[in-house]
Amino acid sequence: MSAAASAASIPPSVNSIDTLVKWNVDDETAMINYLIDNRSCAGNGANFKDTIWSGVAAALESQRTEGGVKTAKKCKEKWQWLQTTVNTVTSIISSSSFSWDDKNSFDVSPEKQSLWDAYIAKHAAAKPFKKQGWPHYTAMAEIVPQKT
């Protein structure tokens, strides 16, 4: 079923543009897996064409349980957020002495707390990863080119 046909079969009250799109880990995982399967279609910097985003949207629609329709545009926006996140984690890994684990995050022992505080003072986006892992890092690192 095409993305347009799939969206057309959703009752108008649910398909409203004003309905907030909600993402969960399963949605993110499904999108990342779809992009891994189609990474040969990506250009430089893991930039996928609009047809891929339409495919992602259609695939996600079949598993949506709440929130608004994840349109191709919303999927692309989410992808940009995921790219920023993987680049943040990669930057910490490559420029620090902290070890990373997708489930448990960075190992910031009491002995390394002052190093972490200094890092966060310059890189505020890294703050959530002190105690919170990110289950998509390994998969995202397969798709997103590493910055040098």
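Predicted model: local features only at pLDDT ≥ 70, side-chain atom pairs only at ≥ 80, totals over all residues.

Trainee: What is found at the start of α2?

Mentor: The term to know is the polar contact, a pair of N or O atoms within 3.5 Å; within protein, one must be able to donate a hydrogen and the other to accept it, and residues adjacent in sequence count only if both atoms are side-chain atoms. Here a side-chain oxygen of Asn24 comes to within 3.0 Å of the backbone nitrogen of Asp26.

Trainee: Which residues of α2 are buried, and against what do they pack?

Mentor: Buried means under 20% relative accessible area, exposed over 50%, and partly exposed in between (1.4 Å probe, protein chains only). An α-helix has 3.6 residues a turn, so residues three or four places apart point the same way. In α2 the buried residues are Asp27, Glu28, Met31, Ile32, Leu35 and Ile36. Their packing partners are α3 (50-61), α4 (72-95) and α6 (137-143).

Trainee: With what is Asp27 in contact, leaving aside its neighbours within four places in sequence?

Mentor: Contact means heavy atoms within 4.5 Å. Asp27 has a relative accessible area of 4% and is therefore buried. Leaving aside neighbours within four places in sequence, Asp27 is in contact with Lys22, Leu60, Gln63 and Lys70.

Trainee: How many salt bridges does the count come to?

Mentor: A salt bridge is a side-chain nitrogen of Lys or Arg within 4 Å of a carboxyl oxygen of Asp or Glu. By this rule there are six salt bridges. One of them joins Lys22 to Glu66, with the closest N and O atoms 3.7 Å apart. This pair links distant parts of the chain, 44 residues apart: Lys22 is in the loop between α1 (3-8) and α2, and Glu66 in the loop between α3 and α4. Lys22 is partly exposed at 39% relative accessibility, and Glu66 is partly exposed at 42%.

Trainee: Which parts does the salt bridge of Arg39 and Glu142 tie together?

Mentor: The side chains of Arg39 and Glu142 meet at 3.2 Å, N to O. Arg39 lies in the loop between α2 and α3 and Glu142 in helix α6, so the pair ties together parts 103 residues apart in sequence. Relative accessibility is 40% for Arg39, which counts as partly exposed, and 45% for Glu142, also partly exposed.

Trainee: Are Arg64 and Glu61 buried or exposed?

Mentor: Both residues are buried, and their side chains form a salt bridge at 2.8 Å, N to O.

Trainee: How many aromatic pairs does a search of the whole structure find?

Mentor: Rings of Phe, Tyr and Trp (its six-membered ring) pair if their centres lie within 6.5 Å; planes under 30 degrees apart count as stacked, over 60 as edge-to-face and the rest as tilted. The search finds ten aromatic pairs. Among them, Trp100 and Phe129 are edge-to-face, at 6.2 Å centre to centre with 70 degrees between the planes. Trp100 lies in strand β1 (residues 100-101) and Phe129 in the loop between α5 (113-122) and α6, so this pair ties together parts 29 residues apart in sequence. Trp100 is buried at 19% relative accessibility, and Phe129 is buried at 8%.

Trainee: Over which ring does the charged end of Lys70 sit?

Mentor: A charge sits over a ring if NZ of Lys or CZ of Arg is within 6 Å of the ring centre and within 35 degrees of the ring normal. The charged end of Lys70 sits over the ring of Trp23, 5.3 Å from its centre. Lys78, in helix α4, lies over the face of Trp81, 4.4 Å from the ring centre. Lys78 counts as buried at 14% relative accessibility.

Note on methods:
Residues numbered from 1 in each chain as written. Heavy atoms only, no water. Helix = DSSP H or I, 4+ residues; strand = E, 2+ residues; numbered from the N terminus.
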